Amino acid sequence: MIRERALKVVLGIVGLLFVAGLYPLIAMQSNPGEQMLGAVYVTLGVFLLLALRHPAAHRSLIAFTAWSSLVHAGTMGVQTLRNDLPRVDLGRAVVPLGVIGLVLLALRPKKIEAAGS
């Protein structure tokens with residue numbers, strides 16, 4: 001029960017953070033790649049907020065969010081170490097995405113067993 005409540009809190013926070021990316025997407029003149037990625041994250045945020053009602057029914061969405069966050073963090077981390085991205089991105093993107101991925105993996109709902117299996 002505590003684990004499910006913690007997952008719902010995390011889904012709410014992450015969902016709102018991702019949806020909050022809509023404002024910078026509209027207000028700033030970003031490059032097309034950043035706009036596209038921002039649109040994907042805003043959409044993902046909406047679906048995470050919808051998953052709040054019944055997280056176990058959205059296990060694959062939660063897993064996708066976790067793993068894609070870890071892969072995104074890893075990719076940006078390598079790019080930062082190769083000096084392709086500014087070092088400040090380690091703190092403002094790599095670490096937060098890594099934490100999101102790890103927390104969602106730790107709190108993901110248990111697999112629901114089919115009746116009669």
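Here are some numbered notes on the predicted model shown above.

1. **Overall make-up.** Let's begin with the whole chain. The secondary structure comes to five helices and zero strands, so the order of elements from the N terminus on reads simply α-α-α-α-α. Along the principal axes, the C-alpha atoms fill a box of roughly 55 × 30 × 25 Å.

2. **Burial and contacts across the chain.** Of the 117 residues in the protein, 32% are buried. Among contacts with a separation of 6 or more, 69% are between residues 24 or more positions apart.

3. **Helix 1 against helix 3.** How do these two helices run relative to each other? The axes of helix 1 (residues 2-20) and helix 3 (residues 32-50) come within 7 Å and cross at roughly 150°. An angle over 145 degrees counts as roughly antiparallel, and helix 1 and helix 3 are therefore roughly antiparallel to each other. Helix 1 passes helix 3 in a left-handed crossing. On the helix 1 side, the contact is made by Leu11, Gly12, Val14, Gly15, Leu16, Phe18 and Val19. Helix 3 contributes Tyr41, Val42, Leu44, Gly45, Val46, Leu48 and Leu49.

4. **Helix 4 against helix 5.** The second pair to look at is helix 4 (residues 59-81) with helix 5 (residues 88-107), whose axes come within 8 Å and cross at roughly 150°. Helix 4 and helix 5 are therefore roughly antiparallel to each other, and their crossing is left-handed. From helix 4, the contact takes in Ile62, Thr65, Ala66, Trp67, Ser69, Leu70, His72, Ala73, Met76, Gly77 and Thr80. From helix 5 come Asp89, Leu90, Ala93, Val94, Leu97, Gly98, Ile100, Gly101, Leu102, Leu104 and Leu105. The residues here divide into 14 nonpolar, seven polar and one charged.

5. **Threonine 80.** This residue deserves a look of its own. Setting aside neighbours within four places in sequence, threonine 80 is in contact with Leu85, Pro86, Arg87, Asp89 and Leu90. Threonine 80 and Asp89 are also listed among the residues that make the contact between helix 4 and helix 5.

6. **Asparagine 83 in the loop.** Moving on from helix 4, you will find asparagine 83 in the loop between helix 4 and helix 5. The phi angle of asparagine 83 is near 65°, a positive value in a residue other than glycine. Asparagine 83 counts as exposed, at 57% relative accessibility.

7. **The salt bridge of arginine 82 and aspartate 84.** How many salt bridges does the structure hold? There are two. In one of them, the side chains of arginine 82 and aspartate 84 meet, with 3.4 Å from N to O. Arginine 82 counts as exposed at 57% relative accessibility, whereas aspartate 84 counts as partly exposed at 44%.

8. **The salt bridge of glutamate 4 and lysine 8.** Here the closest N and O atoms are 3.8 Å apart.

9. **Phenylalanine 47.** At 46% relative accessibility, phenylalanine 47 counts as partly exposed. The C-alpha atoms of phenylalanine 47 and histidine 58 are separated by 9.3 Å, with the two residues 11 apart along the chain.

Technical notes:
Residues numbered from 1 in each chain as written. Predicted model: local features only at pLDDT ≥ 70, side-chain atom pairs only at ≥ 80, totals over all residues. Heavy atoms only, no water. Axes fitted to C-alpha atoms, helices over the stretch in contact; angles between N-to-C directions. Helix = DSSP H or I, 4+ residues; strand = E, 2+ residues; numbered from the N terminus. Parallel < 35°, antiparallel > 145°, perpendicular 65-115°, else oblique. Left-handed = near helix turned anticlockwise from the far one by under 90°. Contact = heavy atoms within 4.5 Å. Nonpolar A, V, L, I, M, F, W, Y, C, P; charged D, E, K, R; others polar. Salt bridge = Lys/Arg side-chain N within 4 Å of Asp/Glu carboxyl O. Buried < 20%, exposed > 50% of the residue type's maximum accessible area, 1.4 Å probe, protein only.
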